[in-house]
Amino acid sequence: MKILYLLLLISCSCYAQNSNMTTIGYANQFDLLPKLNFEKSTQAKYDSIPATNMLTQPKLFGDASHFSIQTKKGMLNLKKYNEKVNSTEGFKGYQYAGYYPTLQMHALFSHHTAEHIGFSDLILVDDLSAKKYAIASVGDDAVQLPIPSPKQQYLVYFYNWMYQKNSSFIGVLKIGSRNQPQTLLVEKASYETKKWAVEGIKWVNDRAFIVKAFTAEKNGTVQVKRYDYYLAQLQP
């Protein structure tokens, strides 16, 4: 089903303004790369890392059907997603998530429908070039908003499987040079497990991050979460 969706995404490129789009994060690309290695960490270590506000919310222009993003290349006009509108299958529109000042990128969610099933992907728009970078989802919904490393060398993101309890995927992208826009974001490493889901991720430094993981279990009629903490070190 996800393959059908990806084909649909390509076929809708003109309407969805995807001609200036690069997609990264495909599973087959991550399969060629090293897997992340985790070691146990602690809640104290995780809590000692300050939470950061990654996104700002700049003023958007537009109307009921479209909104515009101001980039250094000019205004980018995008179809606005409206979940209440029941239209034909295909591209449904964008939702604006916010702006990464450290990355100089806008974050959007792109929504599509195929065979009456909804799909979403996360899109990053380079403020300097107006080029779009889609982070392919491993499931139906979009991945969570990526988290930049302190010196903006990497992005880490995760996806918790909707229909598989205590299962998740973590992906890491390397941030390259804007002089080579086709490889500005490339796959670095990944990890997939059916033992726990992800509640949060914090970078320790530009080479390491800690995952706050949980397993959800039922205690009578109440669902209880048990937390564990895992440290990943990126290889050169």
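The lining of the largest pocket comprises 14 nonpolar, seven polar and two charged residues. Here Ala, Val, Leu, Ile, Met, Phe, Trp, Tyr, Cys and Pro count as nonpolar, Asp, Glu, Lys and Arg as charged, and the others, Gly among them, as polar. The model is predicted: local features need pLDDT of at least 70, side-chain atom pairs count only at pLDDT 80 or more, and totals for chains, interfaces and linings use all residues. Residues are numbered from 1 along each chain as its sequence is written, and side-chain values use heavy atoms, with hydrogens and water left out.

The volume of the largest pocket is about 490 Å³. A pocket is an open set of points on a 1 Å grid over the protein atoms alone, where a 1.4 Å probe fits, with protein on both sides within 12 Å along at least five of seven lines; lining residues have an atom within 4 Å of a point. Grid points are joined across faces, edges and corners, and the volume is the space filled by probe spheres set on the points. The lining has 23 residues, and Thr 52, Met 54, Ile 147, Pro 148 and Ile 201 lie nearest the centre. Two or more lining residues come from each of β10 (147–148) and β14 (197–205). β14 gives the most, five residues. Strands are DSSP runs (E, at least two residues), numbered from the N terminus.

Five strands form an open sheet in the order β1-β9-β8-β7-β6, with mixed pairing. Two strands pair if DSSP finds at least two bridges between them. β1 (21–24) and β6 (90–100) are the edge strands; each has a single partner, so one side of each lacks a neighbour in the sheet. Within the sheet, β7 (residues 105–114) and β8 (residues 117–126) pair in the antiparallel sense over ten bridges. Phe 109 stands opposite Leu 122 in β8.

There are 15 aromatic pairs. Rings of Phe, Tyr and Trp (its six-membered ring) pair if their centres lie within 6.5 Å; planes under 30 degrees apart count as stacked, over 60 as edge-to-face and the rest as tilted. Tyr 154 and Trp 203 are stacked, at 6.4 Å centre to centre and 20° between the planes. Tyr 154 lies in β11 (residues 154–160) and Trp 203 in β14, so the pair ties together parts 49 residues apart in sequence.

Terms used:
Helix = DSSP H or I, 4+ residues; strand = E, 2+ residues; numbered from the N terminus.
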